[in-house]
Amino acid sequence: YTSRHSRRVCGISRAIASDLGLAPEEVEEIENAALLHDVGKIHEEFAPLLQKAGKLTEAEWAIMKTHSAKSAELVSSFSRFQGYVVSCVRHHHERWDGRGYPDGIAGAEIPLGARIITIADTIDAMTTNRPYRNALPVEVVLAELNKGRSTQFDESLVELTISSMTVRRLIADPS
């Protein structure tokens, strides 16, 4: 599941970054970060949490919240990904309002690539079946993104994402 999830997040991230008009080199860095954003879940302690059908306990949630830092640590072992890619991987669960993890940074402090991956990751989580719920319809996904403007997500990226025909096509066919 995580491999397919990472590929879908990569595709959505690429679409958002391209629609934003970023240089091809920056789009490629964001794609790399999106592909690798959850690689830390390879650690043994995450296996039972990823397979759990119900809600996570507070203790389990605390373990799960370490995956972005562990992912960044693994990615940092490759010199090619030092810097921006590692930073995007580390911060893909930060929130625009500063209430995310692992560092609680906010707004423009969060690397642009991480802000894009956050939206793509959220879209994929909502548009695929999970052990605890079925995939949500496109309209619900877009409404949830709107609800998270300026709290969870960068408002300008939400606007771009909602209006992107490429993203809408990817949401409609998440294979």
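Ser 150 counts as partly exposed, because its relative accessibility is 34%, between the 20% limit for buried and the 50% limit for exposed. This is a predicted model. Ser 150 sits in the loop between helix H8 (138–147) and helix H9 (155–163).

The backbone here deserves a look. Ser 150 has a phi near 65 degrees, a positive value in a residue other than glycine. Most residues other than glycine have a negative phi.

Which form does the peptide bond from Tyr 101 to Pro 102 take? The bond is cis, and its omega is near 10 degrees. Most peptide bonds are trans. Pro 102 belongs to the loop between helix H6 (84–90) and helix H7 (112–127).

## Aromatic pairs

How many aromatic pairs does a search of the whole structure find? The search finds two. One joins Trp 61 and Tyr 101. Their ring centres are 6.3 Å apart and their planes meet at 85 degrees, so this pair is edge-to-face. Trp 61 is in helix H4 and Tyr 101 is in the loop between H6 and H7, so the pair ties together parts that are 40 residues apart in sequence.

Are the two partners buried or exposed? Trp 61 is partly exposed, at a relative accessible area of 41%. Tyr 101 is buried, at 12%.

The rings of Phe 78 and Phe 81 also pair. Their centres lie 6.3 Å apart, with planes at 65 degrees, so this pair is edge-to-face too. Phe 81 counts as buried, because its relative accessibility is 12%.

His 67 is part of helix H5 (residues 67–75). Its relative accessibility is 2%, so His 67 counts as buried. The cut-off for buried is under 20%.

Which side chain makes a polar contact with the side chain of His 67? The partner is His 93, at 3.4 Å. Leaving aside residues up to four places away in sequence, His 67 touches His 37, Asp 38, Gly 40, Lys 41, Phe 46, His 92, His 93 and Tyr 101. Tyr 101 also takes part in the ring pair with Trp 61.

## Glu 60 in helix H4

Glu 60 lies in helix H4 (residues 58–64). Trp 61 lies in helix H4 as well. The side chains of Glu 60 and Lys 52 are joined by a polar contact of 2.6 Å. Setting aside residues up to four places away in sequence, Glu 60 touches Leu 49, Lys 52 and Lys 55.

How values were computed
Residues numbered from 1 in each chain as written. Predicted model: local features only at pLDDT ≥ 70, side-chain atom pairs only at ≥ 80, totals over all residues. Heavy atoms only, no water. Helix = DSSP H or I, 4+ residues; strand = E, 2+ residues; numbered from the N terminus. Polar contact = N/O pair within 3.5 Å; in protein donor to acceptor, adjacent residues only side chain to side chain. Contact = heavy atoms within 4.5 Å. Buried < 20%, exposed > 50% of the residue type's maximum accessible area, 1.4 Å probe, protein only. Phe/Tyr/Trp six-rings, centres within 6.5 Å; stacked < 30°, edge-to-face > 60°.
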